[in-house]
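I went through this structure residue by residue and pocket by pocket. My notes follow the order in which I looked things up.

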Amino acid sequence: MSEYIINDLEAPRFAVNRKAMVDPDVFARERERIFDRCWLYVGHESELAKPNDFVTRSVGGRPVLFARDAKNDIRVWINSCPHRGAMLCREPRGNARFLTCFYHGWSFSTGGGLVSVPDDEGYGPDFERPNLVTPPRVESYRGFVFLSFDPDIVDLPTYLGDAAEYIDLVADQSEVGMRVLEGTHEYSAKVNWKLLVENSYDGYHLMSTHQRYLQMVAAARGGIDRSTIGNNVAVDLGNGHAVMAGRPIVGGLFGRPLSEAGEAERAARFERFRQTYGDAWVDRMSGTRNLVIFPNLCIIDLVMGVAIRKIDPIAPDYLHVSAWHLVPPEEGEELHRQRLDNFLTFWGPGGLATPDDVEALESCQRSYAAVKELPWSDISRGMKRPLPHSSDELQMRLWWRRWNELMTGEKLPAEEHDPLPAEFTARRRPEPAAAG
């Protein structure tokens, strides 16, 4: 048995040792064995609309600059002046031809080259003048940009595995390219980062934790058929990635109903997609999906829009969240307004869902002070079900088996389930575009 995981396929029982949520040594090893070795999400290309646009953020515990250079190429730089280490850009975003360090005034282009050093002659003609440093690997898929600090990691499409197909289901929802809206949801919680990863595709907590939200939706819709939650399935996407995917009917659980005009506009756009991609692919696209790309990227696509959520570990009991809203820019003004209102009502830091989740998870974290007396958390639901659905916990077990493999070197046996129904495996026509 693993030190951290009980993986008994016969009982069946799957449990996680709560030490993984509180132990500083575990946290330190996660930095080395997970965040130094995986592909990590940086941002979406649409955040950089013009040459010389940049944003700053933290990825894998490092400060980075996410930029579009003067030649319109996407770049990622370590946000540290190679001179003495001061953070080169302290603004969250901006547009500048030159990035100048406030400490000693060294200046760099968005292409990473050193362009100016005050009193340059003081260094002599043979001084090696440094440029900005990029992470060892930077690649993108359908506008989603990732980096890795491991120069020997597999290429991004190989790492994504079948998760790439679910990114396609999101990216194909615009005829001109999906776009991240300006503005970022940022909030922190006194929680181990892995708890929010679990929560991001945990269908089991919906009815109990989010009662206020569901009551509001039921009032707006004239009731909710709660049996529709059984129309979600949990899907293994390989490499620790997983999704809970829902048929179109599941959308009735989420959000106040769109206006008649809004529904008509959305339906018309999807009808055009049918001519391009085929009915089966658009039927899948019309459903819902809560996707987690190992280790810490969540792409959640419900009726009210697409949330991109990046979960950053700060301490064993503290995390930071950055989240963005991804939309089809050709959407009409009224439909856009309705979806944005639904998005903020559900996912906003002051909305009706996020505070519920934060309170629930912080309650868990506080209780882990009793880890010696109650050391295991159960994640067994659905292990014997022929086809697990989203209120089961297959998706979390897949994530934890990959976590355990990277942390301990031990690959735990996988459970077996029936093949997915054809409606969850239909392919796009033509075949999905190559990464780029």
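**Serine 107.** I took serine 107 to be buried because its relative accessibility is 7%; buried means under 20% relative accessible area, exposed over 50%, and partly exposed in between, with a 1.4 Å probe and protein chains only. I was working on a predicted model, in which local features need pLDDT of at least 70 and side-chain atom pairs count only at pLDDT 80 or more, while totals for chains, interfaces and linings use all residues. Residues are numbered from 1 along each chain as its sequence is written, and side-chain values use heavy atoms, with hydrogens and water left out.

I located serine 107 in strand E9 (residues 107-109); helices (H or I, at least four residues) and strands (E, at least two) are DSSP runs numbered from the N terminus. I listed its contacts (heavy atoms within 4.5 Å), leaving aside neighbours within four places in sequence, and found Phe98, Leu99, Thr100, Gly113, Leu114, Val115 and Ser116. I noted a polar contact of 3.0 Å between the side chains of serine 107 and threonine 100. By polar contact I mean a pair of N or O atoms within 3.5 Å; within protein, one must be able to donate a hydrogen and the other to accept it, and residues adjacent in sequence count only if both atoms are side-chain atoms. I also checked cysteine 81, 26 residues from serine 107 along the chain, and got a C-alpha separation of 9.0 Å.

**Glutamate 165.** Is glutamate 165 buried or exposed? I count glutamate 165 as buried, because its relative accessibility is 14%. Glutamate 165 belongs to helix H4 (residues 163-171). Not counting residues up to four places away in sequence, I found glutamate 165 touching Trp281, Arg284 and Arg427.

**Cavities.** I searched the whole structure and got two cavities of 30 Å³ or more. On a 1 Å grid over the protein atoms alone, a cavity is a set of points where a 1.4 Å probe fits but cannot get out, and a pocket is an open set with protein on both sides within 12 Å along at least five of seven lines; lining residues have an atom within 4 Å of a point. Grid points are joined across faces, edges and corners, and a volume is the space filled by probe spheres set on the points.

The largest cavity has a volume of about 320 Å³. I counted 31 lining residues for the largest cavity, with Asn199, His205, His210, Phe346 and Asp357 nearest its centre. H11 gives the most to this lining, with four residues. The second largest cavity holds about 50 Å³, and I listed its lining as His185, Tyr187, Ala307, Arg309, Ala323, Phe343, Trp347 and Thr354. E14, E19 and H10 are the elements that give two or more residues to the lining of the second largest cavity.

**Largest pocket.** I read a volume of about 370 Å³ for the largest pocket. Of its 18 lining residues, Leu195, Glu198, Asp202, Leu361 and Cys364 lie nearest the centre. Helix H5 (193-200), helix H11 (354-367) and strand E21 (376-378) each supply at least two residues of this lining.

**Backbone.** I logged a cis peptide bond between alanine 11 and proline 12, with omega about -10°. I logged another cis peptide bond between phenylalanine 294 and proline 295, with omega about 10°. Asparagine 52 has a positive phi near 75° without being a glycine, and I count asparagine 52 as buried, because its relative accessible area is 10%.
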